[in-house]
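Here is a short tour of one model, with a few spots to look at along the way. Keep the structure open beside the text as you read.

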Amino acid sequence: MKFFDKQQTAAALPYDALIKAIDQMFKQECVVPRRHNHAIDSDDAGATLLIMPAWQKNRYLGIKHVTIYPDNGKKFGLAGLFSTYTLFDANNGMPISVIDGNTITCQRTAAASALAAKFLARKESKSLLIVGAGNVARELAFAYGELFSLETIKIWNTTYKRAVKLADDLQSKGFPAIAVEYLQEAVENSDIVSSATLSTGPLIKRDWVKPGTHVDLIGSFKPDMRESDDAMFADTSVFVDTSEALDKAGDLLSPISAGVFQRDQVKADLAALCQGQHQGRTSACEITVYKAVGTAMEDLAAAILVYESTI
C-alpha cells in the first residue's frame, strides 16, 4: 500500500493535470452514492462524520472520510476538519493507497471551480475576486491561473488581516494579488467572483453584480449556510455541480422556498457542460451563477491522479 502525506499529495496534483482529470471523470461513467452524514456522540455537539464513496467498474474505488469537530480550535488548538482518502482496486477490493484527504478536497474544489468557469465565464476575463481567505480560497488563484490571463486578483475576507496575509502570500508566488476592504466595490469591478467561505448569511448581493460576470459559489454546503442573497437566482443563468446541490445548499434552498427560483430552472450540471450537452455561457452580457457542494467523483479523479503519479 502507498501512503501520500500532504506535501506528496499536493506535488502530485498540478492544476493543469487535475482540471483535465476532473473533466475526463465527468465525461466517463462513475457511480457516486449520496454522501453519508453521521452525528457523532461527543462533547462537541457539532461532531460529524462524512463518508463519500465513488467507483468505476473494474478500475478504482475510493472513499473519503471527513471528521468535523467545530470546537477543536478553542478546545485543542486544532483544525475543525480532518479527512483521509482510501483508494482500492475495484477489480478485487484490495486497498492500494491512503492519501491526505484535506489536500485532495481543497485542490479538487478549486480545480472543479475553474473547470466550470471555463464554460461559464467570459474567455477574456481579466479580474478575479476571491471571497474568503481559507485553504480553498488560497488554491483558487492557482486553479484559475491555469485557464485565464488574470491581471488582477482581489482578496476580500471578513477579517481584513487574513485577506492581506493571503494576498501577500500569492504576491510572493507571482500572482497580481491585492487585499480589498469593500466587498460591494470589489464585486462591481470583477469579471469573476469566486466565494469560498463557511458563511451562514448572504455576503454577495445580486444588485452588485454587473452584466457579463460569472459568480462562483463553492463554500457553503449545508442548508444553514449562505454566500449570496435570494435575488442572485432570480434573473441569472444558474448551473450546479450535481443535483445534490439542490437538496443541500442553503444558497439554493432559500430562493426555492421564497418562490424566487425553481429547481427546473437550473440550466445544466457540470457533467452536461463537460460532455457538451450544454454550451454554458451564451452571451457576453449574461450573468452566470455556479453553485457547488462538491462530489466524490472529483475526489476519485484526484486520488487516481495521485496514485498513478508513482506508477
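Covering is judged here by contact, which means heavy atoms within 4.5 Å. Please bear in mind that this is a predicted model.

## Helix 2 and its cover

Let us begin with helix 2, which runs over residues 15-27.

Which residues of helix 2 are buried? They are Y15, L18, I19, A21, I22, D23, M25 and F26. Among the elements that cover these buried residues are helix 4 (101-120), helix 5 (135-145), helix 10 (270-274) and helix 11 (296-308).

## Aromatic pairs

The structure has four aromatic pairs. One of them joins Y60 and Y307 edge-to-face, at 6.0 Å centre to centre with 70° between the planes. Because Y60 sits in strand 4 (residues 60-68) and Y307 in helix 11, this pair ties together parts 247 residues apart in sequence. Y60 counts as buried at 11% relative accessibility, and Y307 counts as buried at 14%.

F142 and F175 also pair edge-to-face, with 4.9 Å centre to centre and 80° between the planes. F142 is partly exposed at 22% relative accessibility, whereas F175 is buried at 18%.

## A nonpolar surface patch

On the surface, F76, L78 and F82 make up a nonpolar patch with about 320 Å² of accessible area together. F82 belongs to strand 5 (residues 81-89) and is partly exposed, with a relative accessible area of 38%.

Technical notes: Residues numbered from 1 in each chain as written. Predicted model: local features only at pLDDT ≥ 70, side-chain atom pairs only at ≥ 80, totals over all residues. Heavy atoms only, no water. Helix = DSSP H or I, 4+ residues; strand = E, 2+ residues; numbered from the N terminus. Expected span 1.5 Å × (residues − 1). Buried < 20%, exposed > 50% of the residue type's maximum accessible area, 1.4 Å probe, protein only. Patch = residues over 30% accessible without salt bridge, like charges linked within 9 Å, V, L, I, M, F, W, Y side chains within 5 Å. Areas by Shrake-Rupley, 256 points an atom, 1.4 Å probe, with all protein chains shown as cover. Salt bridge = Lys/Arg side-chain N within 4 Å of Asp/Glu carboxyl O. Phe/Tyr/Trp six-rings, centres within 6.5 Å; stacked < 30°, edge-to-face > 60°.
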